[in-house]
Amino acid sequence: MHRTDAARLRPARILPLLACVLAASACRDCGDTAAEIAPQIYLDTCADPQREVQGKLIGGFRECSYDFGNRDISVKVAHDITVTNPSIVELIFDNIAIVEGDPAFKVELAPERIGPGLSGVITVSVRPRVEAPISAVLSILSDANNTEQTAESRSLVEVQLTANGVDNGVPDIKVTPL
């Protein structure tokens with residue numbers, strides 16, 4: 001065995017993984033136990049079910065929405081959605097995208113994965129092009145198991161995004177020589 005192979009097989013690295021595998025394989029219909037081992041997803045923009053970790057609310061995965069409010073047309077505004085993985089295994093995202101609605105909404109930044117017990121940020125933006133209410137759906141597809149599952153056994157969380165485009169006109173600019 002090479003020295004690098006031995007370093008990879010240290011008990012400190014193997015034991016937590018082995019415990020997870022044994023617990024998952026030994027348990028049938030475990031419910032809460034399996035949920036603790038598999039990745040989980042919670043968003044601060046979701047109202048249900050509210051989960052608390054170490055005295056801090058981290059959000060839910062149902063009834064998800066964010067309203068940008070009244071926004072001046074042609075002005076871009078961004079918002080960060082905090083995504084938390086309170087489980088002991090890594091959360092991996094398959095896709096994070098705006099799937100339907102007004103093209104004024106964009107995903108600016110999205111993680112590919114979130115480590116155990118950590119949070120990440122999805123940054124969404126809007127730049128209204130019309131003076132009217134607009135909306136879109138942010139779709140988050142991952143390997144979490146605490147949400148409803150798709151036919152492919154993937155977690156799908158959808159966030160309803162809304163904004164109201166307003167025309168505040170051209171600003172008055174007054175130049176005074178020094």
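# A guided tour, starting at the largest pocket

Select β4 (56-59), β6 and β10 (118-126): each of them supplies at least two residues of the lining of the largest pocket. This is a predicted model, so treat every stop as a feature of that prediction. Now show the lining itself, which counts 13 residues. Nearest the centre of the largest pocket lie Val53, Lys56, Ile58, Thr84 and Ser119. The space in the largest pocket comes to about 220 Å³.

**Zoom out: the whole chain**

Colour by secondary structure. The protein has 12 strands and three helices. Then colour by accessibility. Of the 178 residues in the protein, 32% are buried. Contacts come next. Take those with a separation of 6 or more: 63% of them are between residues 24 or more positions apart.

**Stop: the disulfide**

Select cysteine 46 and cysteine 64. How far apart are their sulfur atoms? The distance is 2.0 Å, and the two cysteines form a disulfide. The structure holds one disulfide. The pair links distant parts of the chain: cysteine 46 belongs to strand β2 (residues 46-48) and cysteine 64 to strand β5 (residues 62-72), 18 residues apart. Look along the S-S bond. The angle about it is 105°, and the link of cysteine 46 and cysteine 64 is right-handed.

Are these two cysteines buried or exposed? Cysteine 46 has a relative accessible area of 2%, so it counts as buried, the limit being under 20%. Cysteine 64 is buried too, at 6%.

**Stop: the arginine 62 network**

Stay on strand β5 and select arginine 62. Asp48, Arg62 and Glu148 are linked in a network of salt bridges.

Arginine 62 forms a salt bridge with aspartate 48, and the closest N and O atoms are 3.0 Å apart. This pair links distant parts of the chain, with arginine 62 in strand β5 and aspartate 48 in strand β2, 14 residues apart.

Now turn to the glutamate. Between arginine 62 and glutamate 148, the closest N and O atoms of the salt bridge are 3.5 Å apart. Here too the pair links distant parts of the chain: glutamate 148 is in the loop between β11 (133-142) and β12 (155-166), 86 residues from arginine 62.

Arginine 62 is partly exposed, with a relative accessible area of 31%. Aspartate 48 is partly exposed at 25%. Glutamate 148 is partly exposed at 47%.

What kind of peptide bond joins them? The bond is cis, with omega about -20°. Proline 49 lies in the loop between β2 and β3 (51-53).

**Stop: glutamate 90 and arginine 113**

How many salt bridges does a search of the whole structure find? The search finds five. One of them joins glutamate 90 to arginine 113. Their closest N and O atoms are 2.8 Å apart. The pair links distant parts of the chain: glutamate 90 is in the loop between β6 (77-85) and β7 (91-101), arginine 113 in strand β9 (residues 113-114), 23 residues apart. Glutamate 90 is partly exposed at 32%. Arginine 113 is partly exposed at 45%.

**Stop: serine 142**

Select serine 142, in strand β11. Its relative accessible area is 0%, so serine 142 is buried. Show its surroundings. Not counting residues up to four places away in sequence, serine 142 touches Ile41, Leu91, Ile92, Phe93, Asp94, Arg154 and Ser155. The backbone nitrogen of alanine 144 lies 3.2 Å from a polar atom of the serine 142 side chain.

**Last stop: two positive phi values**

Return to strand β5 and pick glutamate 63. Glutamate 63 is not a glycine, yet its phi is positive, about 55°. At 59% relative accessibility, glutamate 63 counts as exposed.

Move on to serine 74, in the loop between β5 and β6. Serine 74 is exposed, with 54% relative accessibility.

How values were computed: Residues numbered from 1 in each chain as written. Predicted model: local features only at pLDDT ≥ 70, side-chain atom pairs only at ≥ 80, totals over all residues. Heavy atoms only, no water. Disulfide = S-S within 2.5 Å. Helix = DSSP H or I, 4+ residues; strand = E, 2+ residues; numbered from the N terminus. Buried < 20%, exposed > 50% of the residue type's maximum accessible area, 1.4 Å probe, protein only. Salt bridge = Lys/Arg side-chain N within 4 Å of Asp/Glu carboxyl O. Polar contact = N/O pair within 3.5 Å; in protein donor to acceptor, adjacent residues only side chain to side chain. Contact = heavy atoms within 4.5 Å. 1 Å grid on protein atoms, 1.4 Å probe; cavity = no way out; pocket = protein on both sides within 12 Å on 5 of 7 lines; lining within 4 Å. Points joined across faces, edges and corners; volume = space filled by probe spheres on them.
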